[in-house]
Amino acid sequence: MRRIPNRSVGLINNDMQKKNTTDLTVSLQDAAVQLDSRIIWDDANVNVEQGEFVAVVGPNGSGKSTLLRVLLGLQYLSKGHVKVLGETPHRGNKLIGYVPQRRTFEPDMPIRGRDLVMMGLEGLRWGFALPGPAQHRQQKLVDEILQSVEALKYADRPIGQLSGGEQQRFILAQALIGKPRLLLLDEPLANLDLRNQIAIPQLVAKLASADSTTVLLVTHDINPLLPVVDKVIYIAKGNMVIGKPEEVITTETLSRLYEAPVEVVRDSNGRLFVVGLEQEVAHPHEH
Amino acid sequence: MGVYHLMATINPLSSLKNLIPNLTIRGTGFSWNLVADVLAQFQYAFMQHAYMAGIIVAVVAGIVGYFVVLRSLSFAGHALSHIGFAGATGAVALGVNPIYGLLVFTVGAAMGMGFMGKRIYGRDVVIGIVLAWTLGLGVLFLSLYTGYATEAYALLFGEILGISQADVIVTLIAGVVTLIAMAIMFRPLLFASVDGDVAEARGVPVRLLSILFMVVLAISVSEAVQVVGVLLIFALLVTPPAIAERLTAHPIKAIGLSVLLAILFTCIGLFISFYLPYPVSFFITTLAFITYLVVRLWAYVRQRFTKLTSEAV
């Protein structure tokens with residue numbers, strides 16, 4: 001298979017270079033990440049604007065979580081530049097809300113959902129909360145956001161006893177209560193039933209658009225997100241591409257990314273499926 | 001007085017006669033006027049010291065213990081007390097006050113454990129092996145001291161009735177330091193304990209808090225050893241918060257309840273031991289255990305009852 005140069009640059013957004021990087025929430029230029037001797041991804045050129053809802057998709061191990069870690073300042077680039085909200089990524093950025101990959105809470109975790117959300121607001125501050133008007137105002141903020149994620153009715157129960165979907169609402173509220181400008185979610189739908197896999201992204205989209213929050217959501221299945229997503233970042237075989245779903249998730253684009261013949265089929269409900277990957281896994285192409 | 005008490009209680013089963021409680025063993029009888037009883041007990045300096053030290057230790061254990069349970073450090077806390085035993089007996093063998101040996105060893109081990117952070121989970125085999133060895137070390141140091149099994153008894157099982165006024169002051173200072181540290185760490189420590197990954201991403205110094213908390217735990221364990229001894233540390237450090245968190249998920253209420261229970265177990269245990277010739281730590285641990293059983297049983301019964309009524313509908 002002959003090598004195709006510059007797989008990512010200029011593929012979808014030809015006007016990328018004209019954008020002023022300070023207007024962008026996320027900007028990657030010729031970026032690469034190397035762990036030990038393995039290059040995770042290379043030649044990444046990605047721009048995300050404020051208020052966009054972007055899904056990050058790709059096979060396991062392609063480096064989706066690595067992308068989030070770079071944006072959080074937990075992972076350095078081996079090449080290229082990255083800017084988040086106009087600055088170099090650093091830890092403890094209060095403008096970024098983060099929901100890491102996680103299993104559910106232990107069943108006997110003796111904390112209420114309400115406490116988890118409050119931690120998002122003031123878990124960083126030393127000391128302990130003194131009762132008074134300031135505390136009262138914070139409680140009201142917590143109540144408001146619990147109302148918007150529709151979790152107020154079970155906010156006082158031990159969080160370990162709630163279902164995956166219920167817990168996820170509190171986790172989301174915790175990330176959003178600080179009014180972040182960028183929200184990063186790593187596989188938030190992994191342990192959820194189908195109903196919640198559709199409901200949670202819609203909830204996220206509703207809350208994010210209210211404040212023009214930019215969202216990057218890592219997932220392995222694009223389909224529940226198709227109704228709400230603006231752009232898709234697809235990472236495969238070290239290549240990263242960004243564009244609208246109908247431009248990225250096509251037979252053409254994905255075959256180029258995977259450097260192998262894969263096909264994208266659309267069923268009668270409009271859902272997208274990538275076929276041909278099993279062949280690729282069984283008989284990887286040399287190049 | 002303390003040593004005599006110890007000698008009398010080391011062999012309570014030596015004859016059947018001793019099983020029958022002699023309610024006037026300490027000269028004053030039990031009456032149903034509890035206030036008068038407490039006042040009578042307070043005539044004795046050793047009882048005053050016992051109550052004071054006991055309450056301070058109970059408050060600290062109730063608060064620190066809540067986080068021990070939350071962070072799944074029960075076994076590490078247990079290991080610290082055993083390591084402390086080796087330190088204390090080593091100090092005695094060197095002719096130094098055992099509390100210093102206790103503190104040095106526990107704080108040192110605590111910093112090591114805190115530094116390991118998350119890697120300490122699932123390492124109970126390693127911890128168990130280390131603490132078994134430190135107990136053996138303790139026995140060695142004891143034999144070097146050519147002495148007193150009573151010293152060992154006090155360290156292993158607590159000797160709250162042998163606490164001097166100086167000991168109370170040391171306990172108070174250590175207690176105040178511990179409480180101030182916990183007050184400062186409270187919010188970030190709770191965040192890091194419940195939601196470590198998110199806390200770290202938000203900039204909470206998770207590793208530093210881990211080390212600081214382990215040091216606070218080491219100091220609390222050293223204090224609590226005076227009351228219940230090395231082997232029974234769980235009674236004050238783990239059982240009260242374990243009971244509290246079954247009853248409420250509100251963090252502040254759970255801590256308050258944990259402190260209250262620890263104080264109750266300690267004080268009631270002390271009160272009873274004035275009249276019955278058995279070790280104080282036995283009463284404290286038994287009260288704690290019974291309360292835990294009752295709470296578990298009640299939760300089980302309630303669960304079955306709601307199942308029955310919902311099935312009936």
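This tour moves through a predicted model, stop by stop, and states what to select at each point.

**Before starting**

Residues are numbered from 1 along each chain as its sequence is written, while chains are lettered from A and ligands numbered from 1 in the order in which they are written. Because the model is predicted, local features need pLDDT of at least 70 and side-chain atom pairs count only at pLDDT 80 or more, whereas totals for chains, interfaces and linings use all residues.

**Stop 1: confidence**

Colour both chains by pLDDT, the predictor's confidence in each residue, from 0 to 100. Chain A has a mean pLDDT of 83, with 89% of its residues at 70 or more. Select residues 1–19 of chain A: pLDDT stays under 50 there, and the model has 29 contacts for this stretch beyond four places in sequence. Two residues are in contact if their C-beta atoms, placed from the backbone, lie within 7 Å. For chain B the mean is 81, and 86% of the residues reach 70 or more. Over residues 1–27 of chain B the pLDDT is below 50, and this stretch has 27 contacts beyond near neighbours in sequence. For the complex, the predictor gives an ipTM of 0.78 and a pTM of 0.80.

**Stop 2**

Helices (H or I, at least four residues) and strands (E, at least two) are DSSP runs, numbered from the N terminus. Two strands pair if DSSP finds at least two bridges between them. Select β1(A) together with strand β2 (residues 38–49) of chain A; they pair in the antiparallel sense over 8 bridges. Leu28(A) has Val46(A) in β2(A) as its bridge partner. The hairpin of β1(A) and β2(A) has 2 residues between the strands, and Asp36(A) takes a positive phi near 55° in it.

**Stop 3: helix α1 of chain A**

Is helix α1 (residues 64–71) of chain A mostly covered or uncovered? It is mostly covered, with 6 of its 8 residues buried. A residue is buried if 20 or more other C-beta atoms lie within 10 Å of its own, exposed if 12 or fewer, and partly exposed in between, with C-beta atoms placed from the backbone. The buried residues of α1(A) are Lys64(A), Leu67(A), Leu68(A), Arg69(A), Val70(A) and Leu71(A). What covers them includes β1 (24–35), β3 (53–57), β4 (79–84), β6 (182–186), β7 (214–218) and β8 of chain A. After α1(A) comes Gly73(A), whose phi is positive, near 80°.

**Stop 4: strands β8 and β9 of chain A**

Select strand β8 (residues 231–236) of chain A, which is joined to β9(A) by 5 bridges in an antiparallel arrangement. Ile233(A) stands opposite Ile242(A) in β9(A). The two strands form a hairpin with 2 residues between them, and Lys237(A) in the turn has a positive phi of about 50°. Strand β9 (residues 239–243) of chain A is mostly covered, as 4 of its 5 residues are buried.

**Stop 5: two glutamates in loops of chain A**

Glu150(A) is in the loop between α3 (133–148) and α4 (164–176) of chain A. Its phi is near 60°, a positive value in a residue other than glycine. Glu150(A) is partly exposed, with 13 other C-beta atoms within 10 Å. Next, select Glu259(A), in the loop between α7 (251–258) and β10 (263–266) of chain A. Glu259(A) has a positive phi of about 55° although it is not a glycine. This residue counts as buried because it has 20 C-beta neighbours inside 10 Å.

**Stop 6: where the chains meet**

Show both chains: the contact takes 22 residues from chain A and 20 residues from chain B. On the side of chain A that touches chain B, helix α2 (residues 113–122) of chain A gives the most, with 4 residues.

**Stop 7: chain B and its helix α6**

The secondary structure of chain B comes to 14 helices and 0 strands, and buried residues make up 46% of its 313 residues. Select helix α6 (residues 124–144) of chain B, which has 21 residues and reaches 30 Å from its first C-alpha to its last. Which residues of α6(B) are buried? They are Leu131(B), Thr134(B), Gly138(B), Phe141(B) and Leu142(B). These residues cover an arc of only 100° around the axis, which puts them on the same side of α6(B). The arc is that of the directions from the helix axis to the C-beta atoms. On the other side of α6(B), Val125(B), Val126(B), Ile129(B), Ala132(B), Gly136(B) and Ser143(B) are exposed.

Terms used:
Expected span 1.5 Å × (residues − 1).
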